[in-house]
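Subject: Handover of the model

Hello,

I am passing this structure on to you.

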Amino acid sequence: MNTSILKGAFLVLAFAAFVTPAWAEGSASGEIAKYREMISDGNPAEFDEMRGEELWKKPGGPNHASMEKCDLGKGAGVVKGAYAELPRYFSDTQRVQDMESRLITCMTTLQGTPEKDITAKPFGGDNYKPEIESLVAYVVGQSKGVKMNVSLKHPKEKEAFEIGKRVFFYRAGPYDFACSTCHSQDKLRIRMQDLPNFNNIKDAQAAYTTWPAYRVSQGMFRSFQWRLNDCFRQQRFPEPKYASDVTIALTMFMAKSANEAVYAGPGLKR
Amino acid sequence: MGNPMKIRASVKDGVTEVKVLMQHEMETGLRKDADGKLVPAWHITEVKAQHNGKTVLESQFGTAISKNPYLVFRFKGGIPGEKVSVNWVDNKGDTRTDEAEIS
Amino acid sequence: MINLERRKALKTGGGLGLLGLLAAVGLVQPGMAWAKGEKSAFEAKTMDEALDALGVVTPESSVAVRLTVPEIAENGAVVPVTVDSSLANTERIHILVEKNPSVLAANFTFPEGTEGFVTTRVKMRETSMVIALVKADGKFYRVAKEVKVTAGGCGG
Amino acid sequence: MMQESSGETNMIAKWDMKAQMAAGVVMALSWIFLTAPAQAADKTDAELDAETVTIVKRDFRDKGIAKIERLNQDDLQALCTKYLDNPPRKDQERLQTEQEKAIKWPADGKYMGDWKAGEKLAQSGSGMTWSDKPEAPAGGNCYNCHQLSAKEIAYGTIGPSLLHFGKTRGTSEEVQRYAYGRIYNAKAFNLCTNMPRFGHIGILTEAQIKDLVALLLDPESPVNKD
């Protein structure tokens with residue numbers, strides 16, 4: 001907040017001679033809010049949840065094993081509420097894992113699926129729906145209505161948070177962008193789209209608890225890994241590796257900020 | 001056979017409201033794929049709904065209905081436990097019927 | 001009934017096309033002609049063509065028909081549309097998007113006992129008028145509203 | 001394109017500074033400082049900084065035109081990151097002067113192109129992402145962050161509104177040169193601004209920047225209409 005306020009003031013001062021802050025006028029944003037309200041019913045992500053539940057329970061992979069013994073942090077087979085506590089430290093892998101990374105652990109250890117088969121093409125496309133995306137939909141759906149409760153008790157969890165925070169402010173690439181370029185001031189928009197300010201707890205909570213989501217513009221369910229991936233694309237960065245530590249750290253930084261808010265995903269986004 | 005629908009039907013003050021979410025690509029025939037080739041039109045053409053064997057809605061869709069079509073309609077009557085069924089047909093002749101209990 | 005509607009339209013000078021004419025003079029079975037008429041309505045590229053194909057003649061406006069659409073759609077792929085008619089004997093609702101490549105989006109027919117109400121979602125290629133045509137007691141009514149389709153940024 | 005950073009990335013200073021500023025803003029204490037532990041585990045901030053750089057460089061990969069070299073910060077990026085966009089004045093002035101000296105002014109001394117081409121460019125949000133083709137020219141991305149014309153309602157607010165830019169300031173050569181320079185390299189005017197360095201980095205060509213100057217200043221441009 002602090003710095004961004006100063007920075008905002010600096011920008012406004014620099015241009016004060018001939019401009020007024022555009023967000024002072026809010027009617028268009030109000031109309032967008034109405035639009036979102038109108039499409040909030042009937043979320044096609046439900047189909048992804050259904051498919052994910054089937055995949056979870058069905059024997060799969062070279063081992064013909066189901067995912068039902070997968071430990072998402074609350075014990076083997078416990079799915080309910082698990083997403084609201086992720087990312088977290090797992091002693092068996094000795095690392096902090098987000099949901100996608102943990103699903104990979106289960107798909108490789110329980111089902112025997114090689115990791116590269118999962119991570120080679122982890123996002124949906126034309127007539128292509130990777131299993132991991134549907135599993136994500138199912139697992140997050142099982143935390144709907146559960147309060148976010150991400151812990152930083154383990155030193156590795158704290159470390160992930162601290163690194164995630166640093167990644168968030170890391171300016172690089174041909175456009176000199178960081179995550180913070182768009183997401184550290186209140187009430188900003190890109191074009192017509194509101195940008196959540198991750199330095200503002202209310203914004204951070206609202207954003208984090210409505211992802212993953214069905215994106216109507218793409219007609220597809222999108223995971224949080226996809227959300228980060230596409231942010232980095234538009235940040236003009238190279239591509240973050242799927243479920244890599246940098247993405248987990250950043251997720252930890254954002255997930256922690258959503259604590260106490262009730263998880264409401266999968267969401268429905270424009 | 002197409003993918004399952006989600007149907008929710010609830011009765012209030014003697015009127016049953018039915019919300020249907022269908023799974024369908026609804027290709028317009030005007031979109032190009034990544035290789036620049038036109039993706040052929042593929043969309044639902046007809047939707048019918050029945051309650052107690054009586055037709056309560058008939059509808060024809062063009063290509064402008066959004067992917068994974070959503071539909072809400074209301075009819076008089078309906079008692080909790082009774083069934084509402086919805087059927088769609090697409091331009092490739094594929095079809096799907098699902099039903100839901102009125103709550 | 002349908003036949004009659006078309007005959008009436010023909011008399012008042014509304015363009016019907018060959019099918020409509022054939023139906024009107026009884027050379028084509030009404031049911032069959034209607035089915036083909038539907039198809040040509042969905043193929044209509046302009047409002048006039050669509051109205052012709054649907055057999056609509058100078059629809060009136062009515063306060064009893066409410067069309068709910070967003071003023072601004074954040075994305076043209078999904079634009080929610082609700083048409084709510086409190087006209088007695090509402091038989092049909094048509095939803096049209098003037099600037100779409102094919103203007104007719106959907107037809108809804110309501111048997112006795114079904115309310116003249118429908119919600120659905122349509123695709124819009126660009127900013128355009130969205131039109132609801134309601135047929136009640138054999139007469140057509142029209143309500144239209146503009147929906148602005150905006151260019152997107154990254155989006156949450 | 002990017003230079004390897006020569007400055008070390010010690011973020012202690014950065015967070016200390018942020019904390020000081022927070023103390024000065026009575027009602028605006030950031031939640032970060034209320035909830036975050038001062039240190040992670042046994043690691044010092046310097047160690048965490050170093051680890052962050054290691055992880056960032058390890059966990060990204062080339063895709064399309066977006067190569068991992070893009071993650072190497074140049075001096076400006078490193079400084080702005082380190083001080084959360086509020087660097088010490090001395091460093092700021094030094095780097096700002098460097099950026100200003102590097103501005104390549106048009107050889108023909110003309111700053112204004114075609115506002116119609118400029119408007120098209122302003123509307124386009126493409127360019128330099130891994131999904132953009134190398135041969136495709138970049139867009140100006142202007143509407144992503146700025147209001148420009150009264151007609152376009154889908155504009156961003158990350159940057160200030162530029163509506164009536166020319167109407168307010170006129171079209172003197174001084175104003176033209178200022179607008180050209182600001183688009184060419186906004187960092188020559190405000191070191192840690194969010195605005196990309198369109199000319200300096202080679203995102204836009206000289207001709208494209210001239211078109212954007214015309215969009216801002218030409219009396220016929222939608223920017224200067226109501």
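The notes below say what was found in the structure, part by part.

This is a predicted model, in which local features need pLDDT of at least 70 and side-chain atom pairs count only at pLDDT 80 or more, while totals for chains, interfaces and linings use all residues. Residues are numbered from 1 along each chain as its sequence is written, chains are lettered from A and ligands numbered from 1 in the order in which they are written, and side-chain values use heavy atoms, with hydrogens and water left out.

Where chain A meets chain C

Contact (heavy atoms within 4.5 Å) involves 23 residues of chain A and 20 residues of chain C. The buried area between chain A and chain C is about 2,000 Å², and carbon and sulfur atoms give 58% of it. Buried area here is the accessible area (1.4 Å probe) that two parts lose on being put together, summed over both. On the chain A side, A:Y35, A:M38 and A:R270 lose the most area to chain C, together 31% of what that side buries.

Seven residue pairs, both residues at pLDDT 80 or more, are in polar contact between chain A and chain C. A polar contact is a pair of N or O atoms within 3.5 Å; within protein, one must be able to donate a hydrogen and the other to accept it, and residues adjacent in sequence count only if both atoms are side-chain atoms. On the side of chain A that touches chain C, α2 (27-39), α10 (224-234) and β8 (267-269) each supply at least two residues. The most comes from α2(A), with seven residues. Helices (H or I, at least four residues) and strands (E, at least two) are DSSP runs, numbered from the N terminus.

There is one salt bridge between chain A and chain C. A salt bridge is a side-chain nitrogen of Lys or Arg within 4 Å of a carboxyl oxygen of Asp or Glu. C:E74 forms a salt bridge with A:R36, and the closest N and O atoms are 2.6 Å apart. C:E74 sits in the loop between β2 (72-73) and β3 (79-85) of chain C. Its side chain also has a polar contact of 3.2 Å with the side chain of A:Q193. Is C:E74 buried or exposed? C:E74 counts as buried because its relative accessibility is 1%, where buried means under 20% relative accessible area, exposed over 50%, and partly exposed in between (1.4 Å probe, protein chains only).

Other salt bridges

Over all chains the count comes to 48 salt bridges. In one of them, B:K19 is joined to A:D41, with the closest N and O atoms 2.6 Å apart. This pair crosses between chains, from strand β2 (residues 15-21) of chain B to the loop between α2 and α3 (45-57) of chain A. B:K19 is partly exposed at 27% relative accessibility, and A:D41 is partly exposed at 32%.

D:E152 and A:R191 form another salt bridge, at 3.7 Å between the closest N and O atoms. D:E152 is buried, with a relative accessible area of 17%, and A:R191 is buried at 2%. A:E162, A:K165, A:R166, D:D45 and D:D49 are linked in a network of salt bridges.

Strand β5 of chain C

Why is strand β5 (residues 104-109) of chain C described as largely enclosed by the rest of the structure? Six of the six residues of the strand are buried, so β5(C) is largely enclosed. Strands pair if DSSP finds at least two bridges between them. β5(C) pairs in the antiparallel sense with strand β4 (residues 90-97) of chain C over five bridges, and C:L96 has C:L104 as its bridge partner. β4(C) and β5(C) form a hairpin with six residues between them. Strand β4 (residues 54-61) of chain B also pairs with β5(C) in the antiparallel sense, over four bridges; here B:S59 has C:F108 as its bridge partner.

Chain D and one site in chain A

Chain D has 10 helices and one strand, and 53% of its 226 residues count as buried.

In chain A, A:T247 lies in helix α11 (residues 245-257) and is buried, with a relative accessible area of 1%. The side chain of A:T247 makes a polar contact of 3.0 Å with the side chain of A:Q225.

Regards
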